[in-house]
Amino acid sequence: MKNKIILFITICLMLILVACSDDETSNEPEETEDGKVVLTGLITKHPLTKDLEDMEWLAEVEERAGVEIKWEEVTADWDQKKGAMLAGGDIPDIIVGPNAITDADFAQFPGLFENLKPLIEEHGSNIQAMFDEHPETELLSTQTDGEIYGLSKYQQFWPETATMQFINNQWLENLGLDVPTNWDELFDVLMAFKEEDANGNGDPNDEIPMDFAPVGEGGFGYFHPTVLLGSMGMTVTGGGGQGYFLEDGEVKNFFVDERYKTFVSFLNKLYENGLINDEAFTQDYSQYQALARGDGDEAKIGYTFGWERTDRFGLDVSDQYETFDPMKVSADYDGEVSWSYDYNELNFGVNFIQMSSATSNKEAAMKFINELYDPEVSLQVLFGSIGPNIEETGENSYKILEPQDEEMDPGTWKWTSTWADNGPMFISDELDVELPVDMQAVDEQQAPFNALFESLDRENDVFPGMMLKYSEEDHNQMTLVNTDFMNIAISKFGEWITSGGVEDEWDSYLQQVEQMGLPSNIEIIQGYYDDYNEQLN
Amino acid sequence: MALIQGTNTETLPKAKKATVLNTLRRDYQLWLMILPAIICVIIFNYIPMYGIQLAFREYDFTAGLTGGEWAGLKYFEQFINSHLFWDLIRNTLLISVTTILVGFPAPIALALLVNQIRWKRGKRILQTTVYLPHFISIVVLVGLLNVMLSPNTGVLGLLLAKLGVEGNLLASVNAFVPIYVLSDVWQHVGWNSIIYLAALAAVDPQLYDAAKIDGANKWQIIKNVEIPAIIPTIIILLILNMGTVISTGFEKIFLMQNSLNLPISEVIETYVYKTGIVSNQFSYAAAIGLFNTFINFMMLVIVNTIAKKVARISLW
């Protein structure tokens with residue numbers, strides 16, 4: 001018995017020793033037989049996207065840059081992986097993905113990422129060209145103390161707003177109605193949708209007059225009714241976010257604006273008349289999308305928000321819908337009308353590629369990164385390789401080809417073939433590109449909003465939220481205030497729409513929000529906006 | 001009298017004093033069996049405890065967990081002074097206390113009921129059926145709730161609408177706690193009753209026989225034989241449950257949360273997630289977590305003390 005115990009203890013000690021032994025990690029640069037530098041890379045990619053080793057353009061880029069990259073491909077749960085990886089300090093040489101590493105991460109983990117600024121000056125001619133053509137991209141990449149850790153991107157083809165409003169034109173024709181031009185007319189149209197047999201199937205009760213995307217707890221985004229704040233002249237960005245917007249060069253928050261109260265009262269009027277889908281606040285995004293695709297050739301939704309017709313309504317019923325001009329708040333309103341302006345959010349991107357400070361060969365890594373920002377390469381990052389996905393039709397002239405898989409739509413084909421919107425890129429305005437049919441359709445459907453944006457003062461009425469870089473101290477304070485602020489503002493939004501009461505509670509609500517520290521947040525943002533404007537001009 | 005005189009106490013062996021070494025030697029099989037669990041607790045709970053100091057320091061990545069500047073009680077004060085503090089406490093307590101009040105007696109009742117079944121095969125089938133929901137993942141359970149409670153297409157949603165319960169239950173502040181608690185009971189009552197069934201199975205059959213001879217009916221047997229038999233188990237589990245009174249569990253509430261039920265569904269755990277994980281405020285989140293743990297620990301000590309005084313049954 002004593003011998004067995006001794007043996008057991010010995011085995012335990014040996015296991016402990018084995019577990020504690022330290023791995024020797026060589027700091028010498030690895031190289032392949034033919035002289036290429038070996039690097040590690042991580043990319044957060046869409047689940048649809050094929051393996052990186054099958055991408056023709058990527059193989060060519062690595063060849064030209066003289067590198068061979070071992071990729072880790074992350075398709076889900078990056079937020080959870082990231083925290084542990086960064087805190088552990090063990091990161092790959094290159095990390096690719098849309099805001100995969102945030103400005104807050106750079107501030108929180110100093111020394112972990114390489115400052116790319118000197119490397120860009122030496123080896124980053126394409127990146128410098130992007131900075132020269134679009135100075136916003138340099139501001140977007142530069143931290144508050146001048147370093148560059150994450151590179152931004154520019155892709156010129158995206159529209160000016162992500163959220164379009166659609167109405168079922170066939171229902172309007174069936175009921176002999178006109179497209180609404182103000183909120184009172186919208187109310188009348190939606191009431192008719194509810195009370196009459198708008199879709200003509202004999203049942204006057206199966207239509208849902210209005211629906212919008214589920215509202216998260218952190219703020220507003222695309223396809224939310226906050227675009228209707230434009231009916232009173234308020235230009236939100238990114239669908240509304242946490243309420244910060246710009247008006248005549250002054251930073252404000254619509255959650256404490258009188259016009260927001262009017263907006264919420266109107267939605268409450270719609271809701272209590274049964275005009276808004278009563279699952280609007282509890283459905284998830286896939287339910288929201290499925291409902292709009294109707295049942296066979298019968299549509300279910302009368303008025304809603306979406307990205308593009310076929311994307312929103314599917315192939316069977318999308319022909320029934322049309323976009324239309326943003327409405328006024330009332331017939332006698334004579335002020336400006338606006339809409340959510342998302343051009344910055346859609347065409348620029350922040351922190352799409354970054355380099356570890358522990359990279360063994362920084363010049364080789366920078367050459368690879370710079371190669372990605374070659375406009376011709378960037379086009380392939382976005383749409384796929386020249387050959388299977390793109391045809392070169394002349395110097396700086398390209399045509400995006402139809403999907404080789406006939407059952408796929410162009411958007412799915414793009415995401416399957418390449419990094420698409422998840423990739424860093426610089427698609428210069430000098431390129432002449434014939435776009436795929438779905439993106440051309442977006443252009444046509446965008447017409448009512450493009451016309452409106454022609455008179456928009458982009459400098460003084462568009463809040464460049466994604467462009468601003470905050471110091472860590474300011475960012476931390478704003479984050480904590482915003483977390484508390486969103487808790488009350490978003491829950492009141494839902495409550496006031498479904499139960500009413502905005503008039504009674506408005507004053508105490510304003511007091512509460514003020515005590516939370518919203519005014520100081522607005523002041524902080526105003527300061528950064530003024531600095532940003534100064535740098536840009 | 002003669003029996004007493006006949007006993008010779010001097011011939012009895014002297015009982016050895018109980019010491020740690022003696023129990024190690026005598027019960028070494030049991031200690032070996034529990035050794036992996038002890039090792040796990042030490043490695044994953046005691047060794048990382050040095051990280052608690054993050055709640056008192058500014059987090060500085062370059063200096064590691066222990067190198068940040070000392071901040072004292074700054075983050076605790078920040079949390080207590082937060083505008084959401086009392087709402088978070090109220091929501092957390094409301095959900096967890098209701099869960100204990102409803103969810104704690106339910107498996108006891110189920111165990112006593114199942115124990116009455118004499119048809120062994122039926123008893124086994126019933127027991128298996130009621131504990132299977134325990135293995136449904138929380139994500140799937142919340143998905144089930146969404147589907148069944150939908151006001152337009154859900155089975156329960158439509159049924160409740162006919163019974164006069166109007167509106168979208170998933171969005172209701174008033175309905176959140178009942179839905180959370182009742183679905184929790186449904187899922188775990190079968191599993192939690194197993195420990196009571198095990199305790200009931202250990203009841204000495206002679207007690208049943210003696211009770212029957214004395215003319216006790218079913219209710220009297222339950223009251224006088226079965227419930228006293230499981231009282232120690234009940235008290236031990238109650239003490240353990242009180243150690244989580246100011247925690248609710250993160251996953252289910254996070255999944256059930258939406259903008260309409262946010263006033264009741266924002267609890268300490270979801271708040272820590274939003275500030276600590278989503279917003280990178282590690283020190284603040286660590287302080288809130290430690291605050292949580294401290295209160296739970298105090299509750300554990302208090303309830304254990306009360307149980308020791310009242311019932312002489314306790315954890316230590």
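**Around F368(A)**

Leaving aside residues up to four places away in sequence, F368(A) touches L58(A), V61(A), E62(A), A65(A), V67(A), I69(A), W71(A) and I94(A), where contact means heavy atoms within 4.5 Å. A word on the basis: this is a predicted model in which local features need pLDDT of at least 70 and side-chain atom pairs count only at pLDDT 80 or more, while totals for chains, interfaces and linings use all residues. Side-chain values use heavy atoms, without hydrogens and water, residues are numbered from 1 along each chain as its sequence is written, and chains are lettered from A and ligands numbered from 1 in the order in which they are written.

F368(A) and W419(A) touch the most other members of the largest nonpolar core, which has 148 residues. Such a core is a set of buried Ala, Val, Leu, Ile, Met, Phe, Trp, Tyr and Cys residues joined through side-chain atoms within 4.5 Å; buried means under 20% relative accessible area, exposed over 50%, and partly exposed in between (1.4 Å probe, protein chains only). Helix α19 (residues 472-499) of chain A gives this core its largest share, nine residues. Helices (H or I, at least four residues) and strands (E, at least two) are DSSP runs, numbered from the N terminus.

Now for the nearby topic of helix and sheet. Helix α14 (residues 362-372) of chain A lies across β1, β2, β3 (94-96), β4 and β11 (348-355) of chain A. Those strands form an open, mixed sheet in the order β2-β1-β3-β11-β4, where two strands pair if DSSP finds at least two bridges between them. At its edges are β2 (67-74) and β4 (150-154) of chain A, each pairing on one side only.

Methods
Axes are lines fitted to C-alpha atoms, for helices over the stretch in contact, and angles run from 0 to 180 degrees between N-to-C directions.
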